[in-house]
Amino acid sequence: MMARDDASRDDGNAFTHFFDKVDRVLEPVFSNPPTPADEAPLEPTDGKACPICGHPMFEHFIDHSTPNTVLVCPTAERLPEHEVDGPYNELGMPATGRRLEKYAERHANE
C-alpha cells in the first residue's frame with residue numbers, strides 16, 4: 001500500500017471536500033423557501049378588469065401549453081372597441097409616441 005493512500009481520508013479527498021462545502025453553503029440560496037403549514041392558499045384580492053371582456057382577471061385561465069400564450073375568458077361577452085382616429089402601430093394597436101407625432105405633423109401640413 002502506498003503512503004499517499006494511508007495519509008488520505010476515508011471519506012474523500014480535498015477536492016471532494018471543497019465541493020461538499022460549496023454545496024452546503026449554497027443550498028439555502030437555491031432551495032425552495034419553507035412554506036408555513038397553517039397558511040391557506042392566497043385568494044386574489046385585486047379586481048383588475050380584463051381588457052377584452054371586463055370580468056376580473058382571476059376568473060380567467062391562461063394557457064401556457066402552446067408556444068403562444070392564450071388568455072381564456074370566462075364569458076363570450078366583449079367590451080366595445082374604442083374608436084381610433086389616428087394610425088395603428090405594427091402590432092395593430094393605436095399608435096403612440098413618435099409615430100403619432102409624425103402622423104399629426106403630416107396631417108397638419110395637408
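V25, L26, V29 and F30 form a nonpolar patch on the surface of this predicted model, and together they have about 430 Å² of accessible area. Such areas come from the Shrake-Rupley method with a 1.4 Å probe, and for residues only the protein chains shown count as cover. A patch takes residues with over 30% relative accessible area and no salt bridge; nonpolar side chains (Val, Leu, Ile, Met, Phe, Trp, Tyr) are joined within 5 Å, like charges within 9 Å. A salt bridge is a side-chain nitrogen of Lys or Arg within 4 Å of a carboxyl oxygen of Asp or Glu.

Take L26. This residue lies in helix α2, residues 14-30. Helices (H or I, at least four residues) and strands (E, at least two) are DSSP runs, numbered from the N terminus. L26 counts as partly exposed because its relative accessibility is 38%. Buried means under 20% relative accessible area, exposed over 50%, and partly exposed in between (1.4 Å probe, protein chains only).

Now the rings. The structure holds 2 aromatic pairs. In one, F15 and F19 have ring centres 5.1 Å apart and planes at 70°, so this pair is edge-to-face. Rings of Phe, Tyr and Trp (its six-membered ring) pair if their centres lie within 6.5 Å; planes under 30 degrees apart are stacked, over 60 edge-to-face, the rest tilted. Both F15 and F19 sit in helix α2, 4 residues apart, about one turn of the helix. F15 is exposed at 58% relative accessible area, while F19 is partly exposed at 39%. F19 also forms an edge-to-face pair with F18, at 4.9 Å centre to centre and 80° between the planes.

Residues are numbered from 1 along each chain as its sequence is written, and side-chain values use heavy atoms, without hydrogens and water. In this predicted model, local features need pLDDT of at least 70 and side-chain atom pairs count only at pLDDT 80 or more, while totals for chains, interfaces and linings use all residues.
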